[in-house]
Amino acid sequence: YTTLHTKWNEKYPNDSKDFLGDDITLLKTDVDVAMKSAMIIWEYQNLNSIAISKTSVKEVSYIVNGGYNGLSKRKIYTKKAYEVLEKEFKK
């Protein structure tokens, strides 16, 4: 959370957050904050370089979550996301 706290406040100086304090709850209650936070960590961890492969769900999960908790559901949701994206790109 220290990295998120620092990177968020660098990226959004006019919307600073205290992720080491009370604003940590926003990650569960505010979709905008949760999505922006996820993008900050994705960029910070350079996850695009890993996520290029459709078989990378396990590796990305470990980096983002520090383990494999919920991996089976994450694989299902990732597969569905790829299916939706592939349909959209074929239009």
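Figure 1. D32 is joined to K36 by a salt bridge, and their closest N and O atoms are 3.3 Å apart. A salt bridge here is a side-chain nitrogen of Lys or Arg within 4 Å of a carboxyl oxygen of Asp or Glu. The two residues sit four places apart in helix α3, about one turn of the helix. Helices are DSSP runs (H or I, at least four residues), numbered from the N terminus. Please note that this is a predicted model, in which local features need pLDDT of at least 70 and side-chain atom pairs count only at pLDDT 80 or more, while totals for chains, interfaces and linings use all residues. Residues are numbered from 1 along each chain as its sequence is written, and side-chain values use heavy atoms, leaving out hydrogens and water.

Figure 2. How many salt bridges does a search of the whole structure find? The search finds four. An α-helix has 3.6 residues a turn, so residues three or four places apart point the same way. E10 is exposed, at 52% relative accessible area, whereas K7 is partly exposed, at 30%. E43 counts as exposed at 56% relative accessibility, and K11 is partly exposed at 47%.

**Figure 3. The two sides of helix α1, buried and exposed.** Look along residues 2-11 to find the buried residues of this helix: L4, H5 and W8. They lie on the same side of α1, because they cover an arc of only 100° around the axis. The arc is taken from the directions that run from the helix axis to the C-beta atoms. T2 and E10 are exposed on the other side of α1.

**Figure 4. The largest nonpolar core, with seven residues.** Its members are L4, W8, Y12, F19, L26, V33 and I40. Helices α1 and α3 are the elements that give two or more residues to this core. A nonpolar core means a set of buried Ala, Val, Leu, Ile, Met, Phe, Trp, Tyr and Cys residues joined through side-chain atoms within 4.5 Å. Leaving out residues up to four places away in sequence, I40 touches L4, K7, W8, K11 and Y12. Contact means heavy atoms within 4.5 Å. S37 also has its place in helix α3 and is buried, with a relative accessible area of 3%. Setting aside neighbours within four places in sequence, S37 is in contact with L4, W8, F19 and L27.

**Figure 5. The buried side of helix α5, with V60 as one of its residues.** V57, V60 and S61 are the buried residues of this helix, which spans residues 57-65. Because they cover an arc of only 105° around the axis, they are on the same side of α5. Their cover includes α3, α4 (48-51) and α6 (71-90). V60 has a relative accessible area of 10% and is buried. Not counting residues up to four places away in sequence, V60 touches W42, L47, I50 and A51. From V60 to P13, 47 residues apart along the chain, the distance between C-alpha atoms is 28 Å. After α5 comes G66, with a positive phi near 75°.

**Figure 6. A nonpolar patch on the surface, formed by V31, M35 and M39.** Together these residues have about 340 Å² of accessible area, computed by the Shrake-Rupley method with a 1.4 Å probe, where only the protein chains shown count as cover for residues. V31 has its place in helix α3, residues 31-44, and counts as exposed at 65% relative accessibility. Patches are made of residues with over 30% relative accessible area and no salt bridge; like charges are joined within 9 Å, and nonpolar side chains (Val, Leu, Ile, Met, Phe, Trp, Tyr) within 5 Å.

Note on methods
Buried means under 20% relative accessible area, exposed over 50%, partly exposed in between (1.4 Å probe, protein chains only).
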